[in-house]
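Here are my notes on the model. Please read them with the structure open beside you.

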Amino acid sequence: MAFAPLIQRYGLGILAILSVINLSTAAPFNAALNVADAPCTEPRVRREWRSLNDAEKGEYIGAIKCLMAAAPTGKQYFEPITSRYEDFVAMHVNATGGGVLNTERGFPMGGTTGIHGVGIFYPWHRYTVWQFEETLRNECNYTGAQPYWDWHLDTPEAGGSFVTSPLFDPVTGFGGNGAEDEEDDDEGSRGWGSAFGGFFGGGSGGGCIQDGPFKDIKLHLGPMSTVKVGNERCLTRDFQGASAERSATKANIAKTLAIDTYASFRSSTEGSSGLHNAGHGGMMDVFSSPNDPLFWMHHTQIDRIWAIWQSQSESRLAEMAGTTRAPVTLDSMLWMGFNAPDQPVRTVMDTLNRNGEGFLCYKYDVGIEEFVD
Ligand SMILES: [Cu+2]
């Protein structure tokens, strides 16, 4: 099926709409389009999950369930999509593959395309988290900011532990581990279907999650890059708490924040420091990971780490490096398919849009003081 030309045509359509909107005085239909006149005067404040009260937590979970119950917009491009929530999963699957759909066989997984292991990792995820937050607010009446999961608080040195994280609370959180899967311990294959943890198996779970608000949801995208009808399954998790606790230490985070170039900082986050993997509880399905709502909590923390790194020098608001299909610059486009207009990297460099080139307007409640004395 000729998906790629369809999407290309759609992309051009979006550009046409953009130019019309910019020339008219009509109200923009999407905050992301309202670039020129969007001074950030009242930034939303993103807070750590455990600083929300129970009502706020309930409102956030309820808004996600609302998206999961709402009609999809992308079904014409990705047939398995069943909900507005899965629009976002499909975008991540597709962007991971470089934005080119190759139906049944999925996407080529290479180091020079897509959104992981490449320079565009941070800006692309910043943009998609923002779009998710906007969608919760605009389409599901959510009134708060996107919360984050500070996994450092779940390390023994901070007085916690991964498995007892309040994020996994069955009532006020996202529910806990998947059922123990005996085969998972030696086979290592079950993790391919796990949306959270256990990419290579060997975690303490591996089966369907057992409790919490998402216990009964059905996944339709993935595993991995597969996008085809007929893959309905439960949400699985496979906790690998020890590796998460090793990575999320204050010393390790401080060391990562002390790196002085974006290129090294980015590759350390995704590689040697283990920070990106920390919240994924080990590794998780790199393509369809947003199937698990914890994805957004984790990636907001990852975004916070970038914002904190940026906060150490003004020049970092314009520092970009690395590759996707070509060298990544401030002018590289962030591809969001049917979910949102494509935007150049420069528009998401500053969460407070201080130079007026972007549209973001948020900040984090706690900054570098948490990790650096
Ligand atoms: Cu990702």
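**Notes on a predicted model**

1. Start with Ala-71. This residue lies in the loop that runs between helix H2 (54–69) and helix H3 (84–96). Keep in mind that the model is predicted.

2. Now look at Thr-82. Along the chain, Ala-71 and Thr-82 are 11 residues apart. Their C-alpha atoms are separated by 7.1 Å.

3. Next, the helix pair. Two packed helices are described by the angle between their axes and the distance between the axes. For H3 and helix H4 (residues 121–140), the angle is about 170° and the axes are 11 Å apart. Angles over 145 degrees count as roughly antiparallel, so H3 and H4 are roughly antiparallel to each other.

4. Which residues make this contact? H3 brings Arg-84, Phe-88, Met-91, His-92 and Ala-95. H4 brings Trp-124, Thr-128, Phe-132 and Glu-139. By type, the contact residues are 5 nonpolar, 2 polar and 2 charged.

5. Turn to the largest nonpolar core, which has 76 residues. Those touching the most other members include Ala-63, Ala-90, Trp-124 and Leu-167. Among the elements that each supply at least two residues are H2, H3, H4 and strand S8 (362–364). Helix H10 (294–310) gives the largest share, 10 residues.

6. Finish with Leu-167. Leaving out residues up to four places away in sequence, Leu-167 touches Trp-49, Trp-149, Gly-173, Phe-174, Leu-294 and Met-297.

Notes
Residues are numbered from 1 along each chain as its sequence is written. This is a predicted model: local features need pLDDT of at least 70, side-chain atom pairs count only at pLDDT 80 or more; totals for chains, interfaces and linings use all residues. Helices (H or I, at least four residues) and strands (E, at least two) are DSSP runs, numbered from the N terminus. Axes are lines fitted to C-alpha atoms, for helices over the stretch in contact, and angles run from 0 to 180 degrees between N-to-C directions. Angles under 35 degrees count as roughly parallel, over 145 as roughly antiparallel, 65 to 115 as roughly perpendicular and the rest as oblique. Two residues are in contact if their C-beta atoms, placed from the backbone, lie within 7 Å. Ala, Val, Leu, Ile, Met, Phe, Trp, Tyr, Cys and Pro count as nonpolar, Asp, Glu, Lys and Arg as charged, and the others, Gly among them, as polar. A nonpolar core is a set of buried Ala, Val, Leu, Ile, Met, Phe, Trp, Tyr and Cys residues joined through C-beta atoms within 7 Å. A residue is buried if 20 or more other C-beta atoms lie within 10 Å of its own, exposed if 12 or fewer, and partly exposed in between; C-beta atoms are placed from the backbone.
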